[in-house]
Amino acid sequence: MAKGIAGTPASPGIVDGQVHLLRWEVPDVRHRIIPDEAIPGEIKRFHAGLAQARERLHHVRARAEKNAGPEEAAIFDVQLSILEDGELLRQVEELITQNLGAEKAFDLVLFEWRQQFASHARPLLRERVGDLIDVHIRVLSILLGLPDHDPVDLPKGSNRILVTHDLTPSLTVQLDREAIIGIATDAGTRTSHVAILARSLGLPAVVGLRDATEQLTGNEHVILDGTSGILIVDPTPSQIKTYRERRAIEALEDKELQALSVADSVTLDGHWVTLRANVDLPEEAGFAARSGAEGVGLMRTEFLVVGRATMPDEEEQYRAYRHVVEAFGGRPVVIRTFDVGGDKLPIGSYQTDPNPFLGWRAIRMCLDEPELFKTQLRALLRAAMHGDVRIMFPLIITLDEVLQAKHLLMEAATELDVRGVPYRHDLPLGIMVETPAAALSVHTLVDDVSFLSIGTNDLVQYTLAVDRGNANLASRFTPLHPAVLTLIKRIVDVGAAHRLEVAVCGEMASQPLMAFALIGLGVRCLSVAGRAVPLVKRIVRGVSAAVAAEAANAALESRTAREAEGELRRRLMTAFGDAPFLRDGLPSFVEGNIFEGSGGLNTSSAHE
Ligand code: PEP
Ligand code: MG
């Protein structure tokens, strides 16, 4: 009997193979009392264990640098510094001198430290708990003479799908890509480190599976669908067939990409729809550029902050932005200023928000931390020398925020003038419209910006009061809810009246059915995941804007999201028949499967 476990799509692609269940867990340690005369020897043994752990970490760091780059590798410096922390070593030695075996002494101190860090008010220190756990496991394993955990020592070509509770960075970067073809974790979100790393390694991944490691015993055959966020255990032959077909379609799409990349993105009745790409990591820029995207509609800059102990300086940021801008030649690259807070990892040194999505995030934080913000703005102004950079501010709700942000941009420019550093003056400035407040008052914002971009991930979340990261609420995260459609329509209409470009850069734009709805609502610029560019282009080229508008009107008049979906699907099927890609594109939503019972894959319980 096949069983489906729904999680969060973290890195796209479909693979099937055998489970490799990895338990990266703190081993049980016996309480061992040692005699006085054994104390010096035990302290020596402890230090030898630390030295071995350090050596191992240096090795891990070197591999990380090769696999994921120097910035990623820097996260291991934290673990190395823990191993050298004078206070930690002192506490362990003190317990050993009180006749406790080295491993138990280390175990007790690490548990204590983890507890203290976990409840610390500073998010940055709470984030260090993961590093402490890694160090805890690594050193104890060495002291207990357990086998080396972290190298996933599987024969090349064994097509294994790694299933683990939470893939620590030190494990992720060691994955042998010739043996491991996919990753599934109980924990994690779209923006957690494992997700970002998996994407940059090009490994399909599903995270947030909650108890997959409990449900599996290892060695089961599974299908991992990183595009939809599902793990299907013991799939039936027909499911395997379906998924292999889907994989073939994806492969075909990749091939067709070349052909479609040069095709015009124009509807049957002659309406152009600009397709841009969302770029989360600079390394994705090359792929996105080759996909035929006419620029970048959303470059998230949080990758510069996630998992980092310090903020990136102006130079590092400038290099990262320039890399993306150059990958796109003279095409527009919309770079969004830091959107940290909410579900994005905080940068640390700030108090925790009791309700982070309603808290101190995005533009709010940037305006309150002008030096941090201006460093980014200076880097952007400089990067703009190399192409068509456009700056976008996230989570704008009031005109004051726009004006303040513009004022700080002017200050940043003046600072560059003083230093004599060249930069571009005339950058278009835009805002993300991603709250009901901004949507309803967008007429108050339009005079001071050059473009609008609708962030549907947050717009849906805030409109429907549904946490976008909560897997339990996935089926309630319905972008076709009448309230959401009405707000999008309003933004588009106000934008059109003011002759402003209105783009959609939320995940909604990457879905065939939704893209069709958005075109029907009058959107003429979609920014989608790199992989989705050809898929969405196929929709654009296969429909007429007039039919899309008729479908969107019917959706707007529907009383439920399901009814709206029916209206859209019916018309889209008239254009494309029952083409599999219409279903396949469906579940690649932000967090979990949104379209339970949509006619696509029902992931909430994919039993067969
Ligand atoms: C959105 O909210 O739709 C969006 C594109 O931004 P993010 O997903 O980064 O919050
Ligand atoms: Mg957003």
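Reader: Does aspartate 107 count as buried or exposed?
Author: This is a predicted model, in which local features need pLDDT of at least 70 and side-chain atom pairs count only at pLDDT 80 or more, while totals for chains, interfaces and linings use all residues. Residues are numbered from 1 along each chain as its sequence is written, chains are lettered from A and ligands numbered from 1 in the order in which they are written, and side-chain values use heavy atoms, with hydrogens and water left out. A residue is called buried under 20% relative accessible area, exposed over 50% and partly exposed in between, with a 1.4 Å probe and protein chains only. Because its relative accessibility is 4%, aspartate 107 is buried.

Reader: Which helix holds aspartate 107?
Author: Leaving out residues up to four places away in sequence, aspartate 107 touches Val26, Val29, His136 and Leu140, where a contact means heavy atoms within 4.5 Å. Helices (H or I, at least four residues) and strands (E, at least two) are DSSP runs numbered from the N terminus, and the run of residues 102-118 that contains aspartate 107 is helix H5.

Reader: Which residues coordinate the magnesium ion (ligand 2)?
Author: Donors are N, O and S atoms within 2.8 Å of the metal (3.2 Å for Na, K and Ca), and since water is not among the atoms, sites may look incomplete. At 2.1 to 2.2 Å, the magnesium ion is coordinated by an OE atom and an OD atom, belonging to Glu434 and Asp458.

Reader: How many residues apart are glutamate 434 and aspartate 458?
Author: Both glutamate 434 and aspartate 458 are buried. Glutamate 434 sits in the loop between strand S13 (429-433) and helix H16 (436-440), whereas aspartate 458 belongs to helix H17 (residues 456-464), so that the pair links distant parts of the chain with a spacing of 24 residues.

Reader: Which element gives the most residues to the shell around ligand 1?
Author: There are 15 residues around ligand 1, and those that come nearest are Arg300, Arg336, Gly455, Asn457 and Arg468; near here means having a heavy atom within 4 Å. The shell divides into three nonpolar, four polar and eight charged residues, where Ala, Val, Leu, Ile, Met, Phe, Trp, Tyr, Cys and Pro count as nonpolar, Asp, Glu, Lys and Arg as charged, and the others, Gly among them, as polar. With three residues, the element that gives the most is H17.

Reader: How much of the area that ligand 1 exposes when taken alone is buried by the protein?
Author: A polar side-chain atom of arginine 300 lies 2.7 Å from an oxygen atom of ligand 1, and a polar backbone atom of glycine 455 is 3.4 Å from an oxygen atom of the ligand. An N or O atom in the side chain of arginine 468 is likewise 2.7 Å from a ligand oxygen. Of the 290 Å² that ligand 1 exposes when taken alone, the protein buries 100%.

Reader: Which residue's side chain makes a polar contact with the side chain of arginine 468?
Author: Arginine 468 is placed in the loop between H17 and helix H18 (482-497), and it counts as buried because its relative accessible area is 4%. A polar contact is a pair of N or O atoms within 3.5 Å; within protein, one must be able to donate a hydrogen and the other to accept it, and residues adjacent in sequence count only if both atoms are side-chain atoms. At 2.9 Å, the partner of arginine 468 is aspartate 458.

Reader: Is alanine 465 buried or exposed?
Author: Alanine 465 lies in the loop between H17 and H18, and its phi is near 55°, a positive value in a residue other than glycine. Because its relative accessibility is 68%, alanine 465 counts as exposed.

Terms used
Areas by Shrake-Rupley, 256 points an atom, 1.4 Å probe, with all protein chains shown as cover.
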